[in-house]
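Hello,

Here is the structure I promised to pass on. My notes on it follow just below.

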Amino acid sequence: PQGIGSPSVYHAVIVIFLEFFAWGLLTAPTLVVLHETFPKHTFLMNGLIQGVKGLLSFLSAPLIGALSDVWGRKSFLLLTVFFTCAPIPLMKISPWWYFAVISVSGVFAVTFSVVFAYVADITQEHERSMAYGLVSATFAASLVTSPAIGAYLGRVYGDSLVVVLATAIALLDICFILVAVPESLPEKMRPASWGAPISWEQADPFASLKKVGQDSIVLLICITVFLSYLPEAGQYSSFFLYLRQIMGFSSESVAAFIAVLGILSIIAQTIVLSLLMRSIGNKNTILLGLGFQILQLAWYGFGSEPWMMWAAGAVAAMSSITFPAVSALVSRTADADQQGVVQGMITGIRGLCNGLGPALYGFIFYIFHVELNEIPMPESPSGGSVVAQYHLQQNSIIPGPPFLFGACSVLLALLVALFIPEHTNLNVRSSNWKKHCGSHGHPHSPQAPGEAKEPLLQDTNV
């Protein structure tokens, strides 16, 4: 009575596709509204908004995951999708409320965590990696198509229609969850008393980070992840705004850039990654991915022409192999009863970077005075954006200083990764963690070893 058919991966795939398709439509309108709302210190405000959202998501994810073990996945799918999409109609009603609600929505913007738990409930262990790959590919596919559609509709019919369409798709997603998505967590799997199993240890977002220093190999991997993902998280939050305002890309060019980069990244993470893993090994694949990331960020930092951005984007696709390779290294070298611990640490660090990276990039843009004085003029017939006046300090050699900072950070990550052994047994001495997992989890819990931790490293690679 709670849905259509039996719970399946396809239910989760449709939920993810509709949510991110709705947000993808708003890529171009968001860049315009952001600059109109914050004409001064645009990059700083963008970094603060995304930083607050990321930190709130990091703090709330463990609690929402624990509560979904008690109340079921369907109710939390509904909750996370509703609050993640709540800011969409506010874009044309009140831009200030739009950005304020985006920041606060980070408390519930953890749809991926609940979706991966949903998939873990309904798949066997040997099926799980393929199911997670399907969900991640759907996320990438939604972002490949939707920005281009949104940019075209905005240019022909106006941004108001794009906002209405995105709102309608978000409502369709909510209705789909209400009507069609069945509950994946059986009633017998839920604790008898919903208040008893929720402890501070389960809800503590820093619990995984406290274990980092207990093993030298784990410490090296976590430092590598932190130093390499921090600039990636910051870049993801500000790069399309940078293309539009500083490099003079049109809305269509930004959408095309996202599409091409997405397609190349999917190819890199499937065909190229499997070939590299077989030919040069796990550790060397990580080092190669970090090398491509350094080249990409340095190119972004020094690039002053649009063609340089396109060339660096092709390199960026190759750099996306790093996190799947790190995840594979951990899953292959950690003991079976340590998978959840080690993957949990990496996931916690990644969540922390999602909060710190955007704020750091925004601050670096601010201190280097990378801003525009005036809003971009309407696009020319040739499709290029005619920018009224640059406040960019062109006497500076570095057009994009945060990207050069990111390249230095990834260079440190590469040096740290050199000391990671190719073959080792990770041993995190965490009896309390095991006791916690055993007493509060259940076989389908996202906290269980080797389940929902690994794919969270891969959900934003594109």
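At 25% relative accessibility, Glu252 is partly exposed (the class between buried, under 20% relative accessible area, and exposed, over 50%, with a 1.4 Å probe and protein chains only). Please keep in mind that this is a predicted model, where local features need pLDDT of at least 70, side-chain atom pairs count only at pLDDT 80 or more, and totals for chains, interfaces and linings use all residues. Residues are numbered from 1 along each chain as its sequence is written, and side-chain values use heavy atoms, with hydrogens and water left out.

Glu252 pairs with Arg155 through a salt bridge at 2.5 Å, N to O (a side-chain nitrogen of Lys or Arg within 4 Å of a carboxyl oxygen of Asp or Glu). Glu252 sits in helix H12 (residues 251-279) and Arg155 in helix H8 (residues 125-157), so the pair ties together parts 97 residues apart in sequence. Arg155 is exposed, at 52% relative accessible area. Searching the whole structure gives one salt bridge.

Helices here are DSSP runs of H or I, at least four residues, numbered from the N terminus. Helix H11 (residues 216-245) holds Gln235, which is buried at 12% relative accessible area. Setting aside neighbours within four places in sequence, Gln235 is in contact with Gln296, Leu297, Tyr300, Tyr361 and Phe403 (heavy atoms within 4.5 Å).

Lastly, helix H1 (residues 9-25) has 17 residues, and 14 of those 17 are buried.

Best wishes

Definitions and conventions:
Helices (H or I, at least four residues) and strands (E, at least two) are DSSP runs, numbered from the N terminus. The expected span of a helix is 1.5 Å times one less than its number of residues.
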